[in-house]
Amino acid sequence: MAVLSVLDHHPYYSSHMMFIVLLIITSLFVLPTSSTSRRYLDHYDHHPTVKNGFRIDLKRVDSNGNFSKLQLVQRGINRGKHRLERLSAMAITSSNDDIKSQVHTGSGEYLMSLSIGTPPMPYSAIMDTGSDLIWTQCKPCSDCYKQPTPIFDPSKSSSFSKLSCTNNLCQALSNSMCYKGGCEYLYAYGDYSTTQGVMASETFTFGNPNSSSSSDDNEQVVSIPKIGFGCGNDNEGSGFTQGAGLVGLGRGPLSLVSQLGTGKFSYCLTSIDNTQTSSLLFGSLANLNTTDGETKTTSLIQNPSQPSFYYLPLEGITVGETLLPIPKSTFQLKADGSGGLIIDSGTTITYLEQSGFKLVKKAFVSQMKLSVADDSSTGLDLCFNLPSDVSELYVPKLIFHFKGADLDLPGNNYMIADSDLGLICLAMGGSSGMSIFGNIQQQNMLVFHDLEKETLSFAPTKCDQL
């Protein structure tokens, strides 16, 4: 296994190269309905635990497997191979908005720990910043997939109640119906997976309610009443089997972010090969350390065609010392809802509009000083042959120029080395239309969403020590 260590831009290294040390160790080598500023459940603003903030543990879906770093990237790419197409298709204004608005992204790369009901029943759900609905499988099941924890039984919870058809969250759904005074929903994802059932209100508990008390923030237990969610009795598809449902963190009114109404949240993702948990933070805990001079802040852009997504204004890219000749229009959001760049926790690598990616790829080929590998088995578009006797390696810097924020990425956030295969690969690819800033590029940063100021900030952070 190759251990990749990055010495981040120390002043005595050259201004256009990043110093990377390779230790070679033998053979072990969605929903467009309203503005995000609208809050449907205002009483949460006054809930002390929401105001003071709380933490949710996250883990990668493959964190318990014995995979190399490159294998983890490959598995993430394979799981998300249709996600880019789904995201792009959703954003484009079609001639039939009713049909388009019924399809959502779904799936993701991180599981979040929480409990539902009174008494609380623990389970893990897929975290998705690309969709809105919160849902879990519920008894009685007419069609449910196999999940790692028992299926939620609402009859055993004293805090469960169905939402009425006049409830704001029911009306925010693109596909719902009224049956015996209750709200029934159908939520479809781009891979033809669906969840169908009743909209309900429940107490959600974050943290382990069965653990002993502890002053450690990671052990903090917070219960929030009256969270609106989908209680799914008919759930079909193959994209959700890692968890017991999904928690949407998009900008629409159905998401956990909007329902809590705090106006801000952060996540901090550990390195892809780090088995320690990542963190999702709400309220005051989400705040940046304002004394950190390295924090970079840019604006959030809304797409009227798909207001749930978090769009960022990418204006250019530098590789090494070269600002690439990519027209600014390449990454701009177009009038028909196409194009643009979103930041997404559920996509593993970054995908750039094809013409822009070709220039990035060309720059790396010319600056890496290594032979290009003729091997497509990795699933990545650009890999280089790694010399067997190498102990240190220079790679070009990679800087994303967002409006008002030049994000200079650590080498581990875009180069993946595998000494067994003798390869070092660029963790990026090309796309047609929409671009996506993936989670590999976000690792070991506090990514702070301030929905009141309409900004997003990056602060370098040791996420496994947060």
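**Strands and ring pairs in a predicted model**

Q: What share of the 466 residues in the chain is buried?
A: Keep in mind that this is a predicted model. Buried here means under 20% relative accessible area. Of the 466 residues in the chain, the buried ones make up 57%.

Q: Is strand β12 largely enclosed by the rest of the structure, or largely open?
A: Take β12, residues 222–236, and look at how its 15 residues sit. Eleven of them are buried, so the rest of the structure leaves β12 largely enclosed.

Q: How are the rings of Phe-402 and Phe-437 arranged: stacked, tilted or edge-to-face?
A: A whole-structure search turns up 15 aromatic pairs. For Phe-402 and Phe-437, the ring centres are 5.8 Å apart and the planes meet at 85°. Planes over 60 degrees apart count as edge-to-face, so this pair is edge-to-face.

Q: How far apart in sequence are the parts that Phe-402 and Phe-437 tie together?
A: Phe-402 is buried at 2% relative accessible area, and Phe-437 is buried at 0%. Phe-402 belongs to strand β24 (residues 398–402), while Phe-437 belongs to strand β29 (residues 435–437). The pair therefore ties together parts separated in sequence by 35 residues.

How values were computed:
Residues are numbered from 1 along each chain as its sequence is written. This is a predicted model: local features need pLDDT of at least 70, side-chain atom pairs count only at pLDDT 80 or more; totals for chains, interfaces and linings use all residues. Side-chain values use heavy atoms; hydrogens and water are left out. Rings of Phe, Tyr and Trp (its six-membered ring) pair if their centres lie within 6.5 Å; planes under 30 degrees apart count as stacked, over 60 as edge-to-face and the rest as tilted. Helices (H or I, at least four residues) and strands (E, at least two) are DSSP runs, numbered from the N terminus. Buried means under 20% relative accessible area, exposed over 50%, partly exposed in between (1.4 Å probe, protein chains only).
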